[in-house]
Amino acid sequence: MPRVSHAKDLEIIRTQVDGKRNRARLEMVIPNGTCCQASGSAALIDAVRAELARQGLLQDVALRVTGCLGFCEQEPVILIEPGNILYCHVAAKDAAEIVSRTAQKGEILEQFLFADPVSGKRIQMESDIPFYKAQTRQLIRMHRFVDPFSIDDYIATGGYKAIAKVLAGVKPEEIIAEVKAAGLRGRGGAGFPTGRKWEEAHEAPGDEKYVICNADEGDPGAYMDRCLLEANPHEVLEGMMIGAYAVGANKGYIYVRREYPLAVKHARIAIGQAREYGLLGDNILGSNFCFDVEVARGGGAFVCGESTALMTSIEGKVGEPRAKDVHTVKEGLWNRPTVLNNVETWANVPSIMLNGAKWFASRGTDSSKGTKILALTGQVKNTGLVEVAMGTPIRTIVYDIGGGPKNGNKIKAVQTGGPSGGCIPERLFDLPVDFDALWDAGSMMGSGGMVVMDDKTCMVDVARYFLKFLQDESCGKCVPCRVGIDRMLEIVTDIAEGHGRPEQIPLLQELAETVAEASLCGLGKSAPNPVLSTLRYFIDEYTAHVHGRQCPAGVCKALITYAIDAEKCTGCGVCLKSCPHDSITGEKKKVHIIDAGLCQKCGICISECKFDAITVK
Amino acid sequence: MLQYVNVMIDGAPVRAEKGTSVLDTAIHVGVCIPHLCHIPGIHDMGACRLCIVEQVKNGRSKVTASCTLLVEEGMVIKSNTDKILKMRKNIAELLVAQAPNSKAIQDVAVRCGVKDVRYPFRNEDCVLCGRCVRICKERAKANALGFIGRGKDRHIDHPPGRLMDYCKNCNGCIMFCPMSVTPCGGPMKKGQERLCGQCDSQLNADAQKMPGVCVWCELGKGFQCSRYLAV
């Protein structure tokens, strides 16, 4: 292993890797993140590698195993360069065909190309796929060039150039001014200006300071931090190094949850490699800057994503938040000045230092700059990780990138920001992805989860789901959060189960407002957001539940009845056989009947009936 | 040498010892901010949130607990704005619905203006104020009690799950527990819980009409209200 002691050494490694790459005629990129492995990419990689060896193509074809490329719905995928050809849903058994035909002869296999769910056409080039077209991929784009196990790959993409530039004579104050000018805001949720945070930590007295990378991502349905840390851990490390140099810290921690074993592994390997190269440790790149990073594993508590709880967890105590009247930039980890930033925030830093604040600020809105990775899930055709420039309207994300509603239903709302965020109704879809615009609409950016809901989703049920999640994940330290969430859940459950009383709606509102202001930590303060935003935009659904004893979306079991439409029923008997509760009776070729007393409203008959004869009211 | 800072509490300029909390300062000068988990001389954890106040800074006000907020030069504190009173009432209502069988909590509810309880009563034995845990740790130096579990499962127990011999049997935990004194009418059985509210008349001064004046109520006498302890 060479020791990198000067910026020139990075250049040498870069030319070496480029030389190696130029020898290969073809590059096959197979992503192997957690999401990819879940759909079977590991077996595919083994099969492709064996097939390449069998056909004697190991010299000709370079196989690169990378982190997730974003289009999780289509995984496992193979990206072939040159040509930018994307093969989707490739199974291990297809390896022989792909290697012998595409790798050997250069044929394009139609059956593996992406079939656009909107137009039905096969699309050959990855860059032509509508899912990717409307995106501005700044961070995710790098994933294809980097094998997370190889520091050389990262250096070849221009990695560690930024820290070399910084250490060659940029003053900490200049870095902070640059980050401030770039307008980078914390990607973890609240959107606090990163430059200001660094400045406060830089100015805080004390000779021992810390930087922490928050990878304790806990929102249901959000996984961009995991993906970034898995796919390009060195970028995060480099960002932390620059931040540490700017604030004067010599020690950093990556706090990552135990439920992300691959992210833990990749981060540890990356740290090990950086240490071997001398990029972490004493006198980095010949300067007098010393810095080391350690991985701290969390137990997976949602509350440990809160800054003070995270720090007490690293200290080895129970992960509970404390009062933040004195900011963590002054008294954080072990009461020393500490800068805590999200994975995505750190990952954005190297490119700001390399390309300048102007370049970074050229994308985005007045108050939110750069790009944001969102985890698009729910009732849309294309799901996955989406990176868009700030300011992109929600409509573009849902309809252009997401491809619109999945089952032909009407899209009703998106839920942004996970349990701490809120629901934004369809009529406000022209809102841009912007910290302040989302906040004003009663939601928040959060870490970037985006769940699309169609008209078969009951908003009372959504509020109930998130309250249940928060009830489990509240640390229980303060009364408004612990008891308040419990009582809100009690009220919402009452409403969903059909014994809601009219006076409970204003009570719910009042209680939610109290919890939002009086709770101890940021999580408690944002916990009522799902309730407040659904009350704000979907109050008619609440009143329908309470006054009309109806669930307009047909979700709340206590308020709906299943019936068979006599005109549509053909008497085929499929529902009768499929009903697990024996609640459907009827003779062949005659209209069937559901016994409302026996019916458990499980919905199996609806999914089985081919004639849409079962109605829910 | 003691250092002092000047703060403004409810419009009154106050000279406060540096390093003390806003709550201690307020009580010292006679502004009675209701509280439950606070014990004078013991570290505060900010659990009950009854002592919330508004801190005005650069024209913006922020709601925070006064027990964990340390006084700073030029600080502006408002302890009884309409917003704070309403939230405090809501929190007291949550507490009394959770554990009506405590004179301390019933008193606090009356003091905070709770007139009716809009939630079903639960009749629990503990509101997790953490007074026992902190007394055990800081005064008895025994560490025989601790919080176990998270969220709904959070409860107080001896950390290994059974009473260890490092408990000094000082009874501090029992003395400082707000549940140790039952309401005047005796313990309430399940289904009979109610808002006691009998001490209402003892609130001889309306906090809203006389801002910044401790009402010097008889409430909380059985519960070592900081004022009673101080005298």
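Strand β13 (residues 411-416) of chain A is largely enclosed by the rest of the structure, because six of its six residues are buried. A residue is buried if 20 or more other C-beta atoms, placed from the backbone, lie within 10 Å of its own. Strands are DSSP runs of E with at least two residues, helices are runs of H or I with at least four, and both are numbered from the N terminus.

This is a predicted model: local features need pLDDT of at least 70, side-chain atom pairs count only at pLDDT 80 or more, and totals for chains, interfaces and linings use all residues. Residues are numbered from 1 along each chain as its sequence is written, while chains are lettered from A and ligands numbered from 1 in the order in which they are written.

**Around strand β13 of chain A**
- β13(A) pairs with strand β15 (residues 449-454) of chain A in the antiparallel sense, over five bridges. Two strands pair if DSSP finds at least two bridges between them.
- β13(A) also runs antiparallel to strand β14 (residues 422-425) of chain A, joined by four bridges.
- A:Gln415 stands opposite A:Val451 in β15(A) and opposite A:Cys423 in β14(A).
- The hairpin of β13(A) and β14(A) has five residues between the strands, and A:Gly417 there takes a positive phi near 80°.

**Helix α14 of chain A**
- Eleven of the 13 residues of α14 (residues 343-355) of chain A are buried, so the helix is largely enclosed by the rest of the structure.
- Among the buried residues are A:Trp346, A:Pro350 and A:Met353.
- A:Gly356 follows α14(A) and has a positive phi, near 95°.

**Helices α10 and α12 of chain A**
- The axes of α10 (residues 224-231) and α12 (residues 261-276) of chain A come within 8 Å and cross at roughly 35°. Axes are lines fitted to C-alpha atoms, for helices over the stretch in contact, and angles run from 0 to 180 degrees between N-to-C directions.
- A:Arg226, A:Leu229 and A:Glu230 of α10(A) make the contact with A:Leu262, A:Ala263, A:His266 and A:Ala267 of α12(A). Residues are in contact if their C-beta atoms, placed from the backbone, lie within 7 Å.

**Where chains A and B touch**
- The contact takes 25 residues from chain A and 23 residues from chain B.
- α18 (459-473), α19 (479-496) and α20 (504-518) of chain A each supply at least two residues of the side of chain A that touches chain B.
- α19(A) gives the most to that side of chain A, with seven residues.

Methods. Contact = placed C-beta atoms within 7 Å. Buried ≥ 20, exposed ≤ 12 C-beta atoms within 10 Å, placed from the backbone.
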